[in-house]
Structures are given as C-alpha cells and as structure tokens.
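Subject: Structure handover

Hello,

The structure we discussed is below. My notes on a few of its helices and strands follow.

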Amino acid sequence: MRHTNPYQRDNFAHYTVKGDSGLLDWLLANVGESKTKVKATLKNMGVKVNGKFRTQFDYPLHAGDKVSVSKSKKNNTFHSKYLKLVYEDSYIVVVEKNIGILSMAAGHSSLNVKTVLDDYFRRTRQKCTAHVVHRLDRDTSGLMIYAKDIQTEQILEHDWHNIVFDRRYVAVLSGEMENDEGTIANWLKDNKAYVTYSSPIDNGGKYAVTHYHVLDRTATHSLVEFRLETGRKNQIRVHAADMGHPVCGDVKYGNGDNPIGRLCLHAYILSFYHPVSHKPMEFSTMIPHDFQKLFK
C-alpha cells in the first residue's frame, strides 16, 4: 500500500494531524525544515489548515485536521505592488500600504486596497470581503487593519479607541524643529473646498490631539514620530503645518519642500487588542529607507 501522508499536490505537501497541538509547534515537529524557514513559510501565507491559509503561530490543531505546507521558496498567493500582507486570520487582515493607492473606492475605477484584498480572497476561495475600518490618505504609506466580516468591522469601528492602544506615524518635516517633543491640540474642520483648517477655539469641528517626538534633525529637515490621541482627517498634516514645519511633499498643506518626490508620512506602528480573541497584537514596519537617507 502506498504511503500518502504526506502526499504532494499543487506544490504543497499535505499532512494529516494525529493529535492536538499549536500550529508552529506541529510544523517544527513534522515538516523537517529549520525554525527560520518554517516561521517564514507561516508568515508568508504558505500554510493551509483544512483548506484555509493560516498565519497564527498558536493556531490550534486537532486530530484529523489537514495541513498543507507550500514547497515553493515564496508564497505566490498574494502579489501586489501596492500592498504587503503582514498578518491574516479568520477575522482580520493587517496590510502595509504603499503610496498611490486609496484605502477604499472613491469613484468607479479607482485603485484601492479593498478591491485588491477582495480579489485575493476570491483567488484563495475565502468566502469573505474586506471591510474598511480606518483610512490612510492615498499618498500616505503604512499599516492598516481590514475586517473580513461585518460583525468584526462593527466591533473595531464602535470601540476603536479602546481596541487600538498604540498608533504611531513617522514623517519628514520641512525645516529644523525647535522642540524635541510636545503636543498640539485644537479643533479641525473642513471648509467647502474640503481643506481641513484648525482653530484654537471650538469652531464646530472636531477636537484633535497629536503628540510628537523628534527622532533626528538636520538644518533643513526633521524626522518626527507622531502619536495620535484622536484620529481626525488630515490631522498630522494640518498639525505639522500649524507648527510651521509641514510634512514634506504635502501638496495640500505644504510649502513646496519635496525632497524625495512623495508625501513623507508613514504609519509605522499599529498595536491593538484582537477584536475577537482580545489578545494584544503589535505590528511595526521599518522607517522608509528614503526618509532615513535624508538624515545620513
């Protein structure tokens, strides 16, 4: 009788689980690859459990579960020049968005993250769609969460400020910042041309609080970390301009200083309690290389 466990098909090796275990522990015991390779395969969407891609190291396995492990060097299920898939489970995806793509549709043919994710879900035969929870401007890069069902989206939206416990951006600002750190607080409101403007007194807009910390500076530019206490539209861009040091490359609120040909704003830390398991989830990305080059 031919031994078919593991058997091979579609460039995946297929296994049947014999007892309860966490996914990473089971892979290390059964796949015969180094810990580094196994972790990379898991993180890069190269492992399926019962036909669904899983990336959680501690995803629970039970006797009889079918595990499929990609044999290719890279996982080929997700490809987009605009988007990197950072994390995925049954309820949420975390992505790192590049510049030049909207968070959601605005008009019939606009390129947006939601349609890229929906296409990926279709190709991987997942019965879900991406639900927008928060937004980044088209020309802001960085980390975002999308929900995979309406219930998870509503949990995130209704309790966003309690669920998200650390959200930080990094920006290159025009000019040399005078202070090392501080807080900007005022009211933000859109005018009829959809330009957000600030007021030190209540102007009927929304109260906005931004904390900043200077990471590096030269005579011409400052590398600044921003931590949002509130998440208002264009908040960092308006507050940076209020300080007299607008975000470089900002056509709307800037001063024409554009050293690297892009809006120099990147959402680089995003930490939150998982909307279903309530476990703390912490994600961070590198400060964009183009930002760092200005301070060498």
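Predicted model: local features only at pLDDT ≥ 70, side-chain atom pairs only at ≥ 80, totals over all residues.

Arg167 stands opposite Leu270 in strand E17.

Residues are numbered from 1 along each chain as its sequence is written, and side-chain values use heavy atoms, with hydrogens and water left out. Helices (H or I, at least four residues) and strands (E, at least two) are DSSP runs, numbered from the N terminus.

Strand E17

Strands count as paired if DSSP finds at least two bridges between them. E12 and E17 run antiparallel and are joined by seven bridges. E11 (residues 141-147) runs parallel to E17, with two bridges; there, Gly142 has Ala267 as its bridge partner. On E18 (residues 280-284), five bridges connect to E17, and the two strands are antiparallel. Phe272 faces Met281 of E18 across that pairing. The hairpin of E17 and E18 has six residues between the strands, and His278 in this hairpin has a positive phi near 65 degrees.

Of the nine residues of E17, eight are buried (under 20% relative accessible area; exposed is over 50%, partly exposed in between; 1.4 Å probe, protein chains only).

Helix H6

H6 (residues 235-242) is largely enclosed by the rest of the structure, because six of its eight residues are buried. These are Gln235, Ile236, Arg237, Val238, His239 and Ala240. They pack against several strands, among them E12 (164-174), E13 (181-190) and E17 (265-273), where contact means heavy atoms within 4.5 Å. Gly244, which follows H6, has a positive phi near 85 degrees.

Helices H1 and H2

H1 (residues 23-30) packs on H2 (residues 35-43) at about 130 degrees, and their axes are 10 Å apart. Axes are lines fitted to C-alpha atoms, for helices over the stretch in contact, and angles run from 0 to 180 degrees between N-to-C directions. H1 is therefore oblique to H2 (under 35 degrees is roughly parallel, over 145 roughly antiparallel, 65 to 115 roughly perpendicular, the rest oblique). From H1, Leu23, Leu24, Leu27 and Leu28 meet Lys35, Val38, Lys39 and Leu42 of H2. Six of the residues in this contact are nonpolar, none polar and two charged (nonpolar: Ala, Val, Leu, Ile, Met, Phe, Trp, Tyr, Cys and Pro; charged: Asp, Glu, Lys and Arg; polar: the others, Gly among them).

Regards
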